[in-house]
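Visitor: I'd like to go through the aromatic rings in this one. Can you take my questions one at a time?

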Amino acid sequence: MDYQDLKDFYLEKKNQYGQSVYKQISRFLWEAKEYHRRDWERNPTLGNDHEQSWRAFKGKNLEKLIQDILKDEMAALGLEMVNGHKLKKRRQLPKQLSQVKRDLAIDYYECGLHLPDVDVVIYQPDTCKVLAVILSTVTLRERVVQSRWKVKLLQKAVARRFKVYLVCADDDSTLTYNYPPKNAKAFAETDLDARHVLTGDDIDLIENVKLFDTVVDDLKIAQQLKSSE
């Protein structure tokens, strides 16, 4: 199973559920996991632990799926997207992306310029200025462990130069009404500009914890604020 298989699976669900398909992401990932397991069982090069192989697969490909879901909406707003890891890894970039990379870079003074660890970068193609970055994760609890200190540093370093959003499938139901851990709840409510959740379950919606269908509205507001600076 590769990303195209996952995307095709998503498009099948979109034909079934329409624009609310994002609410089915967690459920369809569970279904896709069985297809991935069959491939894993037939391919010994994928390792001895299916759970580990699946976690790596879904984490890497969720960010690609988010880009594909948002692609048409971003084009309608006159915005473009690029994978943050692509900016980080490639030394030779087209002129436009080189300028985006420079705008994204954070100056750590004596430690030099460094790119933050983000999954998707949304930018204005006419100015090459970064409007927002997206961190994507299947489970919020996992991202808290991996990234909370990075987000704190990023938040301080960018000094609100661009928005920082989290898109989460909430695969472990951390944001539902089942009393999420305090550190995960704090991360969801205070550390970022907004958390957009890919779920159809009830979640504790507050000002900065929202459903995924509001991400475009948030980007429109950020775009308006940027243009008025």
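Visitor: Are Tyr 22 and Phe 212 buried or exposed?
Guide: Keep in mind that this is a predicted model. Buried here means under 20% relative accessible area. Tyr 22 and Phe 212 both come out as buried.

Visitor: How many residues apart in sequence are the parts that the pair of Tyr 22 and Phe 212 ties together?
Guide: The two rings form a tilted aromatic pair, 5.9 Å centre to centre with 45 degrees between the planes. Tyr 22 is in the loop between α1 and α2, while Phe 212 is in the loop between β8 and α8, so the parts tied together are apart in sequence by 190 residues.

Visitor: Which helices hold Tyr 10 and Phe 28?
Guide: These two also make a tilted pair, at 6.2 Å centre to centre and 50 degrees between the planes. The pair links distant parts of the chain, 18 residues apart. Tyr 10 sits in helix α1 (residues 3-17) and Phe 28 in helix α2 (residues 25-42).

Visitor: Which residue has its charged end over the ring of Tyr 35?
Guide: Tyr 35 belongs to a cluster linked by ring pairs, along with Phe 9, Tyr 10 and Phe 28. A charged end sits over the Tyr 35 ring, 5.0 Å from its centre, and it belongs to Arg 38.

Visitor: And how many aromatic pairs does the structure hold?
Guide: Tyr 10 with Phe 28 is one of them, and Tyr 22 with Phe 212 is another. The count for the structure is five.

Notes: Residues are numbered from 1 along each chain as its sequence is written. This is a predicted model: local features need pLDDT of at least 70, side-chain atom pairs count only at pLDDT 80 or more; totals for chains, interfaces and linings use all residues. Side-chain values use heavy atoms; hydrogens and water are left out. Rings of Phe, Tyr and Trp (its six-membered ring) pair if their centres lie within 6.5 Å; planes under 30 degrees apart count as stacked, over 60 as edge-to-face and the rest as tilted. Helices (H or I, at least four residues) and strands (E, at least two) are DSSP runs, numbered from the N terminus. Buried means under 20% relative accessible area, exposed over 50%, partly exposed in between (1.4 Å probe, protein chains only). A charge sits over a ring if NZ of Lys or CZ of Arg is within 6 Å of the ring centre and within 35 degrees of the ring normal.
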